[in-house]
Structure formats: structure tokens, C-alpha cells
Amino acid sequence: MGRPLAQIDRVTKRFVKTGPPAIDAVTASIAAGAITGVVGPDGAGKTTLLRLMAGLLAPDEGALTVCGFDSVREIANARPSIAYMPQHFGLYEDLTVIENLHLYADLRSVDESERGGVFERLLDFTNLAQFTKRRAGKLSGGMKQKLGLACALMGAPQLLLLDEPSVGVDPISRRELWRMILELADQGIGVVWSTAYLDEAERCESVILLSEGKPVYHGPPVDFTHKVEGKVALIRNMPGDKRDVLMRAMEAPEILDGVIQGNTIRLVLNNPMAEDQLRSALSLADAEIEKVPPRFEDAFMASLGGGPKKRSPFTARPVHGAAPDEIVIKADALTKKFGDFTAADQITFSIRRGEVFGLIGPNGAGKSTTFKMLCGLLRPTSGHARISGLDFAAAPSKARARLGYMAQKFSLYGDLTVRQNLEFFAGAYGLSGKRKTAALDQAITTFNFAPYLEAQAARLPLGYKQRLALSCAVLHDPDVLFLDEPTSGVDPRTRREFWTHINAMARRGVTIMVTTHFLDEAEYCDRIALIFRGRVIAEGLPDELKTRSRREGADAPTLEQAFITLVREFDEREAI
Amino acid sequence: MWLRIRTLIVKELLASALDAKTRWLVLYSPPLLLLIYAFAITQEVKNIPVAVYNEDAGTVSRDLIARFDGSPTFSEILYFDSWKGAAAAIDSRQAAMAIRLDSAFSRSIAAGKPAKVQLILDGRRSNTAQILEGYAARIVADFNKELAGDDIRPPTVIVARAWFNPNFEPLWSATPALFAVLTMVVGFMVSALTIARERELGTFEQLLVSPIRPFEIMIGKAVPAVLIALASAVAMLALGSLVLQVPLRGSIILLFAAMIIFLTSIVGIGLFISTLASNQQQAVIGLFFYMMPAVLISGYASPVENMPVWLQWLAESDPLMHFIVICKGVFLKNVPASVIFEHTWPMALIAVFTLSAAAWLFRKRLT
């Protein structure tokens with residue numbers, strides 16, 4: 001580690017005088033020549049911390065020293081050494097790549113004579129040399145971030161602050177972005193990388209882990225992960241349903257946290273335990289249990305106190321449908337064209353009752369288009385989408401009555417109270433009289449909404465908001481549940497809780513369709529379809545996709561590595 | 001179906017009532033605007049200072065100027081001893097009118113010859129200037145009549161009586177049209193923002209995946225918008241008759257009946273714009289794009305009869321034009337129902353057209 005570039009000394013920042021602080025007594029240091037991760041879920045205070053370091057906000061308490069200067073009084077001196085790339089980088093979408101570079105060169109007063117060399121170096125570094133004439137708005141998410149980075153690097157900064165640079169970037173571009181950042185750190189630049197993805201934390205030299213503004217941990221990620229060393233195990237080849245096994249495992253006192261990972265279950269234990277002990281504790285005599293190295297997320301969950309121990313109230317609900325192999329969602333050669341552009345091309349798959357099916361793929365690959373056609377938000381140019389045998393084209397209202405939908409940002413009416421939201425969705429799904437009362441009562445008791453009934457939805461804590469959105473989506477007890485990026489940016493604990501409900505619903509025969517770009521979440525699915533350039537390029541169990549992309553002599557790939565391999569192979573085949 | 005529509009209407013009304021911004025926009029700001037605009041218009045033609053440059057030394061000229069001084073229209077007489085000074089007063093908007101009497105004024109009158117009074121008016125304020133000219137002409141005519149005395153047979157005298165607004169009370173003539181425009185603005189704001197707002201919040205897709213049909217959404221959006229705008233209209237009416245004391249001589253029932261049709265046509269346009277827009281900002285821009293010409297050709301600022309024929313035809317398709325006529329009629333005149341009907345059916349036609357267009361576009365945007 002190099003010398004500290006920035007010192008954060010017991011900094012507190014409040015936006016609402018009476019409310020909880022956005023940043024609460026954070027102390028940390030940022031080293032030169034290293035990547036420091038500011039890690040935490042949405043709303044943890046990452047952006048605030050970055051803006052404090054950039055001198056865009058003044059702390060209420062404490063002080064920051066950035067590049068040797070006070071972040072408030074002497075910020076003008078520090079500014080030439082700081083580059084800040086906000087979440088939506090200020091690219092001018094109607095200017096071309098080169099025009100954007102010129103603009104930032106002007107802003108950073110880079111001399112006209114030096115520009116040629118600087119631009120060449122930056123374009124080469126970011127692989128954008130062949131796109132200089134393209135307008136920034138027409139670039140892909142990954143290319144936009146690279147251009148943003150190039151612009152931020154214009155004045156040769158010492159401290160580079162990147163606010164969630166990997167959001168909206170597909171795994172391939174994300175990998176490239178990391179390669180570039182590592183190179184910059186090698187050149188001695190201090191990089192601050194904020195992220196909600198916990199796997200990225202492991203790649204940083206040091207992390208500042210935030211939860212609701214409070215510092216949870218600051219230091220090398222290895223030391224944090226080390227706390228749960230020997231306490232992480234994987235269950236393979238278990239008898240019976242994996243969701244069943246997970247549910248029962250979570251009830252065991254020895255278990256702190258558990259998630260589904262493809263065909264396996266990943267467990268975090270309270271205390272280190274031998275495999276045999278664990279096997280008998282969980283009464284899984286035949287299962288294969290193996291200790292595995294811990295991940296950052298395991299340690300974070302442990303520090304948060306573990307996953308939800310209670311069974312989801314949905315477990316007790318009656319079972320949907322009798323025939324387990326019945327096909328509930330069918331995509332039949334779904335094609336959608338927008339002018340000349342084919343967003344979805346002959347997409348075909350079918351999903352059985354009680355399956356959790358994931359659509360994954362980079363942004364703009366056709367994932368959302370497919371999803372929207374399946375839930376009736378978009379009319380296919382050709383092909384059919386059927387829900388329980390009902391075609392959207394023929395019986396839209398009937399088909400829609402069968403499905404529940406939960407959009408990315410919990411689409412609730414924020415001004416309405418919890419009760420009013422529930423009543424609205426009950427009415428929208430045609431529930432009235434006794435059925436309505438019964439559905440509302442059930443929703444209220446399921447999630448214990450009673451104390452919040454008269455509270456405005458917008459003011460609920462995140463966890464409750466998510467529960468309310470889920471309740472509204474399933475008030476009418478749908479056959480099929482569509483989830484659009486259900487837990488992106490949500491803290492791992494809230495995500496665990498959400499998935500216990502989804503798992504419980506799947507176990508009783510609700511078919512679930514998920515889109516996600518978050519590959520850890522894709523591991524929770526039974527089957528996934530990888531969509532790329534408007535086509536399904538791979539479909540199967542998460543483990544199958546991993547096996548398929550496994551190369552000789554290599555370790556078992558993660559789903560992200562599998563994703564990259566599959567996309568590359570597809571590109572190579574297409575090129576021939 | 002009715003259950004779903006009712007659910008939508010209840011939600012929409014609740015959301016508007018609970019949202020502080022909407023509440024302010026719809027219920028408090030229109031009456032306030034009515035008040036401000038109404039008084040702003042009043043200020044235009046009262047309390048105007050006049051510049052006087054009198055080269056004449058006789059008493060007759062002083063008598064004439066005294067008459068100006070006594071009139072309530074002119075707040076102040078500014079005397080200048082050079083023409084330059086008077087001109088500068090108009091230039092700097094200190095005065096809207098200047099009166100010049102030449103040195104021969106008293107002498108000419110004494111000799112029984114015609115004498116001249118020069119009026120200089122500020123053409124930049126053409127409306128005010130016209131009204132001032134009228135006032136000045138009346139003062140001079142009265143003055144003439146008295147000078148002539150009994151020895152000459154008085155010329156034919158025109159006795160003007162302004163019906164419906166006997167005192168030419170500007171508040172009376174301005175308020176009905178203003179009321180119509182503000183009602184339209186509220187109807188637009190409520191309807192044009194609604195779909196765009198849901199699109200922004202992400203709740204729109206949630207609606208679309210529910211069994212609610214597109215036309216049910218349309219009705220569920222249109223009805224609350226009309227109701228909210230009506231509530232705002234009631235507030236403005238109360239203010240108009242209680243505070244501004246503008247008479248309301250016609251049938252309130254007919255006024256409301258016409259207003260419901262008017263608002264339906266406005267809400268249709270608002271929903272059309274809202275469907276087109278992908279966020280609230282775009283919706284507001286779209287709204288102003290429509291509203292500016294709609295107000296200009298409605299007869300609000302200048303009479304429709306003075307416009308070229310093709311523009312008059314276009315004005316026929318402007319619901320505001322019809323509603324202004326109805327408002328003026330009901331407020332000041334107690335017009336017969338037949339006149340109201342004559343202007344209501346075109347609005348009904350426009351309403352049918354705009355609502356179907358909005359519904360059509362709505363369906364089209366879904367695919």
C-alpha cells in the first residue's frame with residue numbers, strides 16, 4: 001500500500017436534520033496506487049461519501065483531507081488532482097466521442113498541443129479509437145462508462161472517484177473496466193470504486209463497507225472474509241427438493257445463512273463444524289457436504305446477523321395446480337422488430353409449473369423485450385406468448401388476471417398509505433366483497449402490516465416496501481409471477497428474505513419468471529436462458545451452463561465466467 | 001369492469017389529494033392567479049399619470065386641464081414647461097398620455113374659432129392608449145358643450161350606455177374569460193401529468209399488466225381529472241363572486257353542464273399529450289405548445305371576428321373559444337339556453353374526438 005491520498009476523519013453528513021445521517025462517523029483512508037472499494041447496498045451512503053471526497057459536499061462533523069488539502073477550505077488546490085465520475089457520467093449524448101473528449105480537455109485546460117498525444121493514449125487505453133465519430137448516446141452501456149473514464153482521466157488525476165461504474169454494464173465490459181482500473185492503480189493512481197456488488201469487493205485492496213451510513217468494516221477484504229473461514233459449506237446431491245432442504249436447514253440453530261447456488265446450497269455456520277457433524281445436524285445422511293472458501297458476501301451476512309430464520313408465510317398457502325409437469329409459460333417463436341432492428345428473434349422456451357426461470361443477458365440484448373412480450377406489455381411482431389394456455393393476443397385481460405408482476409423499483413403509489421395501495425391493487429384485479437376482505441386480511445397478517453397500515457408507502461423502510469410490493473403483486477393469488485430485476489441494489493439480507501418468499505411460492509406451484517443482470521441472483525433459478533443479440537444462446541440449469549463452458553485444466557467457472565465464455569463462443573460462431 | 005374503473009378513480013383522487021404539489025397546483029394556485037391577473041388588468045386603466053404642456057396663459061386652458069385633474073382615471077397631472085419634458089415622461093413610461101395646448105388656445109376660443117388640443121398617446125400600451133383616448137375625447141366634448149352654452153343649439157348628442165357592464169368595470173369583462181382560461185389550465189395540468197407521472201414512477205406498467213383494459217384506464221384517468229378541475233372551478237367562482245363581486249346573472253347549472261363538456265374535451269387533449277410524453281417534463285412542454293395558440297385564437301385577448309377567416313375556422317375547433325363565449329354570457333348576460341347549447345355541442349364533438357384520439361394513441365403506444 002502506498003501513502004494515503006485521502007483521510008476521512010469521523011465524518012458525519014446529514015441531509016435531513018431530524019433523520020438518520022447519510023454518513024455516520026466514518027473514518028477511513030484511501031491509499032495511492034490501490035483500489036479502495038466503497039461497498040454497500042443502495043442507500044448505504046456510497047454516493048454521499050464519494051461526493052464528500054470530491055469536495056462537492058461539506059461534512060457536518062469531522063474533516064476530510066484530500067490530496068493533502070482540506071476538502072472544504074482548500075478544495076480549489078485539491079481539485080486538479082481529483083477526478084470524479086458520477087453514476088450517470090456527464091457525457092453529452094449528442095456529441096461524438098471525440099467531441100466529448102475535447103470538451104473535457106477544455107474544462108481541464110489541457111493544452112491544445114498536448115491533446116493529440118493524450119487523446120491517443122486514452123482512446124487506446126479504452127479501446128474506443130475506432131468509435132471516435134460515434135455519438136455518445138449511441139454507445140453501449142460499457143462503452144459509455146469507458147468514455148466517461150477517459151474523460152475523467154483527462155487532467156492526469158491522482159485520485160479517481162468512480163461511483164458505481166459497473167451498473168448497467170455487462171459482464172464482459174465489466175471485466176474490461178476492471179482491467180483498466182487495475183492498470184491505473186499500477187500507475188500510482190488512487191482509485192475509489194463504489195459498488196453494490198459484493199463480489200467486486202473481493203477484488204479491491206481495501207474496502208469501506210457501509211450499511212445505512214454506518215461503517216461496518218474498513219480494511220483489506222481478505223481480513224473480513226477470514227472471519228467466517230471454515231464456516232462455509234456447500235451441500236451437493238441432496239435428496240429431494242433443494243428449496244425444501246434450504247428451508248429446513250435455515251431452521252437449524254447451527255446455520256447462520258443459506259442460499260441456493262445452482263444445484264447446491266451454500267451455508268454459513270455459526271461455528272466451525274466438521275462435515276459429518278453438519279450432515280447429522282441437518283439430517284442429510286446421503287448428501288455431499290464440502291467446506292469451501294468464504295466469500296465477501298458470507299462475511300457480510302454474518303456481520304449482519306445472518307439470513308432470515310423464519311419460514312415464509314407463503315409456505316402454508318394451498319398448492320396451485322395438480323399436474324407438476326404442466327407447461328405454464330410458453331414462448332413460441334417470439335419475435336419483436338422495432339423498424340429494422342430485431343430486438344427479439346424467434347425466442348422459444350417453455351416453463352413448467354413451479355419452476356423459477358431466469359432471463360439473463362447484457363443490457364440491450366433483448367432480455368426486457370422478451371420479458372415484456374411474455375407478460376403482455378409488448379405485442380410480438382410474430383409468434384405467441386401463452387400463460388396457462390391463454391394467448392395475450394386473444395384474451396389479454398384474462399391472461400393478465402393470471403399473472404402477478406413486480407417491477408424493478410417496487411411500483412407502489414408512494415403518496416398512498418399501505419392500506420390504500422392494497423385496496424387499489426385488490427380492485428385492479430377485480431377483487432370485491434368477501435374475497436377482497438379475505439385477500440387484504442391475509443396480506444396484512446402475512447407480513448404484519450397492521451402497525452404500518454396508515455403510513456405512506458414512500459416512507460416505509462426498504463424491507464417493508466419490498467414486502468408491500470410483493471403483497472400487492474400476489475393479492476389475487478396468481479399462477480405466474482413476473483419479477484423484473486427484483487433485488488438489484490438491495491442489501492443481501494433483504495434479498496435473502498425476498499427469496500425465501502419466492503422459494504415458498506415456487507414450492508407450492510407458482511411459476512416464477514425473473515430477469516436479472518445480477519448473476520448471483522441467477523443462481524437462485526432452476527433454469528436460465530441467456531439472451532444475447534435477441535436470441536437465446538444458451539438455456540439450462542445454471543450448473544449445466546457452467547459445465548458447458550468449463551475448459552480443461554481450469555477450475556469450475558462461476559456463472560459470470562460461464563456467461564462470458566458463452567457470449568464469446570457465440571460471437572465466434574457468428575463471425576464464421 | 002365498473003369495479004376496476006371505480007378503483008382507478010378512487011386511487012387517482014386519493015393520490016391527488018395526498019400529494020402536496022398537486023393540491024397546491026390545482027386548488028390554491030388558480031384562485032390566486034385569478035386574483036392577481038384580475039387586479040393586474042385593473043391597474044392598466046386606472047391611476048394613470050398624464051403629462052401636460054400648456055403654452056397658453058389663458059383661463060380657458062386651465063379650466064380644461066382642471067377637468068382632467070378631476071377625473072378618477074388620471075391619478076396625477078405632471079406639468080412640464082417644455083415639450084421635451086413631456087415627451088420624456090412618455091418615453092420613460094411616467095405618463096401614458098401627454099396633452100399639449102398651444103399659445104393661441106384661449107385666444108381662438110374667445111374669437112369663436114376652433115381651437116386644437118393635441119393628445120400624444122403611448123402606442124406601446126395600445127390598449128390603455130385607446131381607452132385613454134376615449135376618456136380624453138369625452139372630457140373635451142363635455143367641455144365644448146359647456147362652452148357653447150345655451151346660445152347655440154346643441155349638436156346631436158350621443159348618449160352611450162354600456163349594457164351588461166354599465167360602468168365599463170374592467171374586472172367584469174376580464175374575469176369570465178380569465179376564469180375560462182384558468183379552468184382549462186387546471187384541466188390540462190391534472191390530465192397531462194397523470195400518465196406521464198405513472199410512467200416515471202414505474203407504476204404504469206403495473207397497471208398495464210393488471211386485467212384493467214386500456215379504455216378503463218382512460219376513463220379512470222379522465223373522470224378524476226374532470227372532477228378535480230371542477231373543484232378548482234368552484235373555488236374560483238366563489239372567489240369571483242364574493243371577493244371580486246363579478247355578477248353571475250345566468251344559470252349556474254347550465255354553466256356547470258357546459259363546463260363538464262368543456263373539461264372533458266380539455267382532458268382528452270391532456271391525456272393525448274400525456275400518452276405521447278415519456279415523462280412529466282415532456283408533458284408540460286407539449287402542453288405549452290398547445291396552450292399558447294389555443295389561448296391566442298380563443299378570443300381571450302383579441303376578438304375572433306377580427307381574425308382572418310381561416311383562423312376563425314380554426315378557432316371553431318378550439319374548445320376554449322366556445323367556453324369563453326359561454327362564460328361571458330352566463331356571468332354578465334344571462335344568455336338563453338339555446339346560445340349555450342350552440343357552443344356546447346361543438347365542444348362535445350371535440351371531446352369525443354380528443355378522447356378517442358387519446359385512447360387510440362394509448363393503445364398504439366402499448367405495442
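Strands β15(A) and β18(A) pair in the antiparallel sense over 5 bridges, where two strands count as paired if DSSP finds at least two bridges between them. Helices (H or I, at least four residues) and strands (E, at least two) are DSSP runs numbered from the N terminus. The model is a predicted one, in which local features need pLDDT of at least 70 and side-chain atom pairs count only at pLDDT 80 or more, while totals for chains, interfaces and linings use all residues. Residues are numbered from 1 along each chain as its sequence is written, and chains are lettered from A and ligands numbered from 1 in the order in which they are written.

The pair belongs to an open sheet of 4 strands in chain A, with the order β16-β15-β18-β19 and antiparallel pairing. At the edges of this sheet stand β16 and β19 (390–391) of chain A, each of which pairs on one side only. Strand β18 (residues 382–387) of chain A is joined to β19(A) by 2 bridges, and these strands run antiparallel. A:Ile387, in turn, stands opposite A:Leu390 in β19(A). The hairpin of β18(A) and β19(A) has 2 residues between the strands, and A:Ser388 in this hairpin takes a positive phi near 45 degrees.

A helix accompanies the sheet. Helix α12 (residues 367–374) of chain A lies across β15 (327–338), β16 and β18 of chain A, and runs at about 125 degrees to β15(A). For such angles, axes are lines fitted to C-alpha atoms, for helices over the stretch in contact, and the values run from 0 to 180 degrees between N-to-C directions.

Positive phi values also turn up elsewhere in chain A. In strand β16 (residues 341–352) of chain A lies A:Gln346, a residue other than glycine with a positive phi near 50 degrees. A:Gln346 counts as partly exposed because it has 15 C-beta neighbours inside 10 Å; a residue is buried if 20 or more other C-beta atoms, placed from the backbone, lie within 10 Å of its own, exposed if 12 or fewer, and partly exposed in between. A:Asn127 is likewise not a glycine, yet has a positive phi of about 60 degrees. Its place is the loop between α4 (112–126) and α5 (141–152) of chain A, and A:Asn127 is exposed, with 12 other C-beta atoms within 10 Å. Just after α1(A), A:Gly55 takes a positive phi of about 80 degrees.

Helix α1 (residues 46–53) of chain A is itself mostly covered, with 6 of its 8 residues buried. These buried residues are A:Lys46, A:Thr48, A:Leu49, A:Leu50, A:Leu52 and A:Met53. Another charged residue with a covered position is A:Glu297, in helix α11 (residues 296–304) of chain A, Glu being counted as charged and A:Glu297 as buried, with 22 C-beta neighbours inside 10 Å. Leaving aside residues up to four places away in sequence, A:Glu297 touches A:Leu198 and A:Pro492; two residues are in contact if their C-beta atoms, placed from the backbone, lie within 7 Å. A:Glu297 and A:Val490 are 193 residues apart in sequence, and their C-alpha atoms are 13 Å apart in space.

Confidence in chain A can be summarised through pLDDT, the predictor's confidence in each residue from 0 to 100. The mean pLDDT of chain A is 86, and 98% of its residues reach 70 or more. Among the elements of this chain, strand β3 (residues 35–39) has the highest mean pLDDT (93) and helix α10 (residues 275–281) the lowest (81).

Chain B holds 14 helices and 4 strands. Its radius of gyration is 27 Å, whereas a compact globule of 367 residues would have one near 21 Å; the radius is taken over C-alpha atoms, and the globule rule is 2.2 Å times the number of residues to the power 0.38. Along the principal axes, the C-alpha atoms of chain B fill a box of roughly 95 × 40 × 40 Å. Buried residues make up 39% of the 367 residues in chain B. Of the contacts in chain B with a separation of 6 or more, 78% are between residues 24 or more positions apart.

The two chains meet in a contact that takes 24 residues from chain A and 20 residues from chain B. On the chain B side, the elements that give two or more residues are α1 (2–18) and α8 (203–208), and α1(B) gives the most, with 7 residues. The residues on this side of chain B divide into 9 nonpolar, 6 polar and 5 charged. In this division Ala, Val, Leu, Ile, Met, Phe, Trp, Tyr, Cys and Pro count as nonpolar, Asp, Glu, Lys and Arg as charged, and the others, Gly among them, as polar.
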